[in-house]
Amino acid sequence: MDEHMIITRLKPIEEILTMVGKFPASTICVVGCSICARKIQTGGETQVTSLAAQLSSHGLDMLDGKMVKHACSAKSWDELIEENPALAQADTLLVLSCGAGVSLLGRISGKPVLPGLNTTSIGGALANDTLEGVCVMCGECDVAIYAGLCPKSGCPKSQINGPCGGSSDGDCEVEGRKCIWVTIYEILECRGMLELLDDIKPPVCHDRRL
Amino acid sequence: MGFADALDSGKFIVTAEVSPPRGTDLLDILSEAGQLQGLVDAVNVTDNQRAMMRMSPLVLCHKLAETGFDTIMHMTCRDRNRLALQSDLLAAHALGIHNILAMSGDYPTMGDQPSSKPVFDLDSVQLLQLIEKMNSGFDFQDGPLDSPTSLCAGTVANPGARPLALQLLKLNKKVSAKARFIQTQAVFDAAVFNEFADAIKSIGIPIIAGIIPLRSARGARFMNDKIPGVNIPEDDIKRMETAADPVSEGLEIAAETIANIRPTCRGIHIMPIGGHGNTRRLLEICGLD
Ligand code: SF4
Ligand code: SF4
């Protein structure tokens, strides 16, 4: 499962406390996800245990934290209960997974679910490196033109017909980033395939994603 | 003669830039622009320039048109999706605006509303195509317009950006998308500009060179650091540092730059910092008044 990854970041504890504060007198279970969030260390055993302990120290009624195999895909709530009987005792689930996992657990459990993470992009894991923001799910993938790199996600302005005027000596005008167009150009030049970039690409059809 | 006619005529073009106010009152900016009367072929009006929130340029262009100026309205792709871009293009025509400068726009985090949604539904090439389409009577989806626009569209380029080949890739697309002129980033290094002009000579598109007269050595260093693509030569900064009257020195430097690029460009675009108080003087030094 290393080939894809939803990038998430842990919410600040103050925000989590405000959320759980809306459910007083509720027994809470922190649920981690064993796929992306575990790999990126936002929703693995360590984070689940530590968040549960933190909330417990704030006087909240916490069950021991649990891991599910994949929060975004399940046969049924009953099956999840079979694997993790403690989940049945929770009134509220505080989920450390991507937004899709939170949403799915909410649907099948019928319980209030609270997101413990912010989902920011689709990325990947390369050895110990996390690649963030490599796809924005445009619904019409055409990275073949761009040397396998995606300017819709890799360029802050999603420029698909060449770089904006802010590209300077390989740097992006947005601080701390490289201009992805320079990399695309270098690879295609090396492959002798610059003509791939010649045609004017039409704008993305956003209705294709409906 | 309007700006588009001046482009066709071969005349050396002078344009100047103003920005809409950060409030609701247009009086100051209209009197500021009044100083340009009789000096310029058109006045450019910026569109939330540097991603800093200001009044819509549609309004200021319209007011300037009423006082007899031809205007070039800047239109960025940062703040509007294709529906809003089309609405504003129709509005521009209806309000007597004849020219549009299509550009991507600086990223929102560079300005004063950093948490804004960056739209970029179209890019500048696609915006130029859209204008061309609306000029021929159709909307983005090929639906017929009740009446077509007739807008002269130009675009921007940055002669200093490297690699140059990558700039040219985009520029060629803009030219196929029927851009009628390009306006450049501020030119401080005539040699860099002339190299750029030479590289695109075969395309045959008129280049209007951006000019910012320097006002102080400190300001020059600030621009070098903060404005993407600006590269002011150290020699000029030194001249500014030692000058008794830095503002006059800045005008002299600008006039020298203009003289050096005049053979390779079709016009200049003056975008001074802090108003047009010295624009007439600069044009007089250049013999362009
Ligand atoms: S083109 Fe980019 S954003 Fe679209 S699907 Fe492919 S990688 Fe994702
Ligand atoms: S500098 Fe390059 S990566 Fe950055 S916004 Fe412009 S085109 Fe995109």
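Biologist: What volume does the second largest cavity have?

Modeller: In this predicted model, where local features need pLDDT of at least 70, side-chain atom pairs count only at pLDDT 80 or more, and totals for chains, interfaces and linings use all residues, side-chain values use heavy atoms, with hydrogens and water left out. Residues are numbered from 1 along each chain as its sequence is written, while chains are lettered from A and ligands numbered from 1 in the order in which they are written.

The second largest cavity has a volume of about 60 Å³. A cavity is a set of points, on a 1 Å grid over the protein atoms alone, where a 1.4 Å probe fits but cannot get out; lining residues have an atom within 4 Å of a point. Points are joined across faces, edges and corners, and a volume is the space filled by probe spheres set on them.

The lining of this second largest cavity comes from chain B: B:Val187, B:Phe188, B:Ile211, B:Ile212, B:Pro213, B:Leu214, B:Gly250, B:Ile253, B:Ala254 and B:Thr257. Helix 10 of chain B, residues 246-261, gives the most to this lining, namely four residues (a helix is a DSSP run of H or I, at least four residues, numbered from the N terminus). By class, eight residues of the lining are nonpolar, two are polar and none is charged (Ala, Val, Leu, Ile, Met, Phe, Trp, Tyr, Cys and Pro count as nonpolar, Asp, Glu, Lys and Arg as charged, and the others, Gly among them, as polar).

The structure holds two cavities of 30 Å³ or more. The largest cavity has a volume of about 110 Å³. It is lined by 16 residues, and A:Cys155, A:Pro156, A:Cys164, A:Cys172 and A:Cys179 are the closest to its centre. Nine residues of this lining are nonpolar, four are polar and three are charged, whereas the lining of the second largest cavity has no charged residue.

Ligand 2 takes the space of the largest cavity (more than half of its atoms lie within 2 Å of the grid points). Around ligand 2 stand A:Cys155, A:Pro156, A:Lys157, A:Pro163, A:Cys164, A:Ser167, A:Cys172, A:Glu173, A:Cys179, A:Ile180 and A:Trp181, each with a heavy atom within 4 Å of the molecule. This shell divides into eight nonpolar residues, one polar and two charged. A:Cys155, which belongs to this shell, is also among the residues nearest the centre of the second largest pocket (a pocket is an open set with protein on both sides within 12 Å along at least five of seven lines). That pocket has a volume of about 1,100 Å³ and is lined by 41 residues, of which 20 are nonpolar, 12 polar and nine charged.

Notes
Helix = DSSP H or I, 4+ residues; strand = E, 2+ residues; numbered from the N terminus.
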